[in-house]
Amino acid sequence: MSYERIKFEIENKVAYVGFGYNCDKSMTVLDEQTLTELRDIVEECHQKKKELDGVVFHSLKKNCFLAGADINLIASLKTENEGAHGAEQGQNIFNRIEDLPVPTVVCIDGVCLGGGMELSLSCNTIVCSDNPKTSMGLPEVKLGLIPGFGGTYRMPRRVGLPTALDLILTGKGLDSRKAKKVGLVDEVYPKENLVKMAPKHFGGSKKKQGFKDTIEHLASDNFLSRKIIFQKARENVLKQTKGFYQAPLKILDVMEAGMMKGRSSYLASEAQAFGELCVGEQSKNLQHLFFLMESSKKYNGPQSEGELPVLKRGAALGAGTMGGGIAWLMAESDMAPLMKDIGPEALDLGLKQSSSNFMGKVVRKKMTYDEFERKQRSITPQLDYSGFNKVDLVIEAVVENMDIKKSVFAETEKHVPETCLLTSNTSSLSVEDMSTALEKPSRFAGLHFFNPVHRMPLVEIITHSKIAPETIEALYNWCLKVKKTPVVVGDGPGFLVNRILMPYLNEAGYLLIEGVPMKELDEACLNFGMPMGPCRLLDEIGIDVAVKVAKIIHAGLGDRAESSDLSQQMVDKGFLGKKSGKGFYIYDEKGKPTGPNEEALAILGSARKKMSETDIQMRVFLPMINEASYILDDGIVKKPSDVDLGLIFGIGFPPFRGGLLRYADGEGLERIYKAIEKFASEVSANRYAPSPFLKKLVDDKKKFYDL
Amino acid sequence: MTLSLKDVYIVDGRRSPHAKAGADLKDVAAPYLGAYLVRKILDATSIPNDEVDEVIFGNTGSPAKYPNVGRVIALEAGLHKKTSGYTVHRNCASGMEAISQAYMKIAAGRCDVIVAGGVESMSQMPLIYSKEMTDLFVNVMKARSFSDKVKALSAFRPPFLSPIIAIEQGLTDPFCGLNMGLTAELLAREFGISREEQDEFANKSHHKAVTAEAEGKFADEIVPLAYGNKLEKLLHKDVGPRGNSTVEGLAKMKPYFERKSGTVTVGNSCPITDGGSALLFCSEEAVKKYNLNPIARMIDFHFHGLEPERMGMGPLLAMDGLVKRTGVAIQDCDLVEINEAFAAQLLGVQRGLGNKEIASRFDVDTVHGEIPEEKLNVNGGAIALGHPVGSTGSRLVVTLMHELKRRKADKGIASLCIGGGQGGACLIENLIK
């Protein structure tokens with residue numbers, strides 16, 4: 001029989017099953033055809049068992065074994081039954097692999113995730129390459145799913161319950177070294193020798209159990225300790241996810257209830273759980289987010305004609321917290337950055353920021369001290385422009401002042417080569433205006449990072465009228481290279497994210513003045529899934545900074561963006577937020593909040609107002625949806641998905657909701673529009689002035705994602 | 001047929017701040033004392049990172065982790081992986097040996113762009129197991145059976161554990177058995193150099209260095225270096241020169257090497273120190289190609305040997321040889337940098353330059369004349385700044401070229417004595433007048 005997606009050969013009595021055959025994508029996945037062919041091949045092996053010494057699974061694709069089941073296949077599932085049935089089909093194939101009477105060895109070189117991992121677990125022996133790209137794991141939970149092809153059944157049997165729970169509940173990947181350490185793989189080889197060595201494992205490679213393993217086994221493999229392990233895992237999940245996510249809890253249910261079950265009844269419950277989860281709203285939202293992320297990995301902005309500038313060497317202008325963070329990012333990605341400031345104290349500050357970012361990785365053993373030393377020392381702190389003649393990308397992070405920024409750019413432009421891109425990390429100033437300071441504005445853009453740089457994935461690439469498409473595309477690709485999520489946005493007050501954040505923070509001020517207790521306000525937002533309530537977030541940003549940005553946005557957008565004077569009063573009293581130790585909350589020396597700042601709350605007087613949690617949520621989230629409609633109308637971004645990506649990666653809008661506009665689509669735009677109109681008449685005609693764009697969508701009976 | 005030599009230009013030269021061993025720079029491994037200088041120097045030019053022909057560094061400590069420091073520096077500096085790099089060792093003159101090789105390779109037309117210099121982390125020189133202990137380890141490893149192992153181990157005696165201090169052994173001459181300090185004592189005795197004279201000299205070195213620093217004279221040559229366990233601080237200036245130094249204070253110190261009747265103290269000797277230096281050498285073609293503006297031209301160099309026990313007189317012979325080679329008299333030079341290994345040793349060199357009888361003891365037939373104070377080590381020397389052994393030979397040239405440039409002067413000599421009984425000297429000409 002001949003196969004199209006899998007290369008099947010028998011050589012010296014060994015059957016070789018090669019994935020990634022005739023595959024022109026960078027990643028091989030288990031799509032429908034591959035699964036069908038795999039089923040037939042396994043059956044063929046069963047028939048030919050007498051002629052075979054063993055079966056070897058491997059990949060013909062560079063750096064990818066199997067990236068999992070085809071997510072389009074999962075996304076197409078309509079009902080629970082359909083989902084459960086799909087899972088069972090996969091389980092059956094993997095059961096037949098497990099049941100092969102001849103030895104099976106899987107050779108993993110590159111990415112091996114989800115369904116690929118589950119296939120591997122059904123083999124007798126797993127060997128992998130020491131390729132740095134080799135990574136193994138069961139990331140289904142990140143899509144709101146349970147591994148449905150027997151992964152939750154076989155993983156604990158291979159690596160023990162505690163490790164299996166850790167892998168399945170976090171979805172994290174293991175490199176070859178760690179996979180060997182936890183016993184997931186039996187041996188690690190250089191990738192060139194991997195397949196060659198596989199038949200040597202046909203005799204089985206039962207490793208000698210060390211004393212430590214035996215103790216661990218005894219400790220975790222009894223009824224009582226399993227119960228404790230599950231209880232602990234459940235507590236951890238609730239702590240980590242605040243109970244928002246269904247999948248990890250479902251996984252725990254299936255695994256705990258199935259501890260005593262045999263294979264077939266266990267797998268039936270796994271398949272059923274998969275069916276339930278895969279059509280649930282939460283998983284659909286997370287799958288939506290996955291597709292958003294995938295599509296953001298490819299540039300689709302204005303077409304470039306000329307060659308793209310190559311961004312090899314970087315420079316950070318300004319060495320404060322932000323500049324140091326940017327220098328760190330450049331050093332991390334081998335750009336040997338120059339870090340310029342005007343005083344030696346600032347240089348120390350920048351080095352400190354970069355060092356502390358790196359040190360986090362050293363402490364977590366993600367980086368050796370030697371690597372840290374090399375990268376940290378690749379930063380050249382300096383007070384002059386020497387070396388700028390070799391720089392390809394400048395990111396400016398000096399004080400947020402238009403005149404200073406303009407003069408810095410005019411000066412810098414004299415020292416850099418013609419091809420160098422110049423960017424500003426401004427959070428609120430007009431990029432269009434700033435571009436006038438440059439002789440050659442086509443190479444200039446806004447490049448807005450979120451604080452702290454090493455934590456926040458989002459980067460806004462802000463365009464202006466004279467920007468070259470090559471500049472946008474080169475910056476976009478660079479952001480991807482340094483593992484950030486770029487969104488191309490037009491110039492305008494607050495750009496994308498801060499502009500939508502504005503009503504979140506503004507309404508918080510008004511709600512407090514109306515007498516809604518701060519605790520209830522912040523909690524309502526936390527219960528919606530936001531990482532921080534608005535008051536806590538204001539403290540984090542710095543209340544003085546927020547006031548400054550609010551003024552700029554107010555000036556740009558008019559009365560809709562008017563803020564209460566509460567923040568200004570806080571600033572006048574010296575309550576600047578976390579950095580001054582006092583804001584809405586009080587902070588200890590380590591920056592941990594210890595409780596509300598009663599002095600600040602005293603400004604509000606004694607009025608108390610009871611408002612339901614849902615009402616509070618509507619008061620803050622509806623104007624955000626309204627503002628996002630204005631943003632689409634203004635053409636700041638082109639697609640609703642840009643808004644959703646921006647908010648999820650810029651301010652941590654809850655991923656399980658799939659984004660602000662997807663949430664709005666789910667709630668129904670008509671309902672939302674009516675609620676906004678109601679607030680406009682009852683609360684404020686200015687702040688809730690409904691977007692005509694949104695009205696048109698409602699009139700046309702469209703959703704945001706129909707655009 | 002005579003080999004026609006090409007002109008050799010020194011485009012730039014920089015050094016790290018110096019810090020006494022065990023102080024601020026103690027955690028900085030040898031390559032990192034040089035790599036950042038190379039990056040800094042090349043960044044200021046238009047030379048691409050794949051156009052450096054050779055990277056040559058002097059180093060004496062040969063850290064076990066970096067057997068070839070020169071090549072490691074080339075890579076850590078971000079130069080292209082194809083860049084050739086190596087390490088040279090001529091004791092205290094290793095840095096000068098490095099620049100001499102750069103000079104020869106460019107003069108001979110084999111190379112156009114070379115970075116040369118020296119690095120030394122004296123803080124990180126190791127303690128070594130004694131031979132007895134090493135033998136014991138070997139025997140235990142060789143032993144097959146358990147009883148053989150026990151037998152091998154039973155040979156252990158506690159004194160085996162007393163380590164050899166690499167730095168101390170390195171500063172003791174293997175041929176004559178004298179510690180470097182004792183060679184200085186010998187010169188002091190033979191030429192009647194008094195304790196007061198030595199302390200006076202040392203005191204001036206400190207004050208000259210402190211003044212130079214205060215006047216910002218080192219700003220052009222020192223590149224700040226990140227240090228500390230987390231590499232989050234920058235060291236901007238030398239740790240060593242003492243503004244509060246007095247002759248009286250120095251007089252209170254006890255002789256260190258000849259404890260009973262000697263005159264050489266820790267105060268009138270150079271401290272062991274961490275530091276690095278680097279210079280960019282280019283041919284005329286490279287100068288034109290990259291539109292460079294060289295600070296100096298290197299005219300020539302000379303090395304010379306003498307009795308190891310009088311190694312401190314090395315500069316006398318090296319400078320004498322250099323004069324003969326180039327025809328440029330010492331008195332015609334505007335500045336002279338002679339390394340201050342010991343005040344006694346440098347004062348001995350001065351005696352040899354001015355005194356026919358002393359000169360002839362070293363087979364030097366010319367009386368060159370003592371170098372006047374206003375030309376010699378004008379910004380202080382190693383007694384204040386320290387002596388990172390592998391770097392000093394090139395550090396002297398860095399300091400010299402910047403001071404010549406500042407004075408818009410013409411020529412200068414850098415010279416130093418070399419443990420083991422040698423001297424080295426080189427002559428440069430300032431081009432920015």
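How many residues of chain A are in contact with chain B? In this predicted model, the count comes to 19 residues of chain A, which meet 17 residues of chain B. On the chain A side, the elements that each put in two or more residues are the helices α15 (344-363) and α16 (369-377), along with the strand β13 (380-382). Of these, α15(A) gives the most, with 7 residues.

Now for chain A as a whole. Its fold is built with 30 helices and 20 strands.

What about overall size? Along the principal axes, the C-alpha atoms of chain A fill a box of roughly 85 × 60 × 55 Å. A compact globule of 707 residues would have a radius of gyration near 27 Å, and chain A comes in at 28 Å, so the two agree.

Finally, a look inside. Buried residues account for 49% of the 707 residues in chain A. As for who meets whom, take the contacts in chain A between residues at least 6 apart in sequence: 73% of them join residues at least 24 apart.

Terms used: Residues are numbered from 1 along each chain as its sequence is written. Chains are lettered from A and ligands numbered from 1 in the order in which they are written. This is a predicted model: local features need pLDDT of at least 70, side-chain atom pairs count only at pLDDT 80 or more; totals for chains, interfaces and linings use all residues. Two residues are in contact if their C-beta atoms, placed from the backbone, lie within 7 Å. Helices (H or I, at least four residues) and strands (E, at least two) are DSSP runs, numbered from the N terminus. The radius of gyration is taken over C-alpha atoms; the globule rule is 2.2 Å times the number of residues to the power 0.38. A residue is buried if 20 or more other C-beta atoms lie within 10 Å of its own, exposed if 12 or fewer, and partly exposed in between; C-beta atoms are placed from the backbone.
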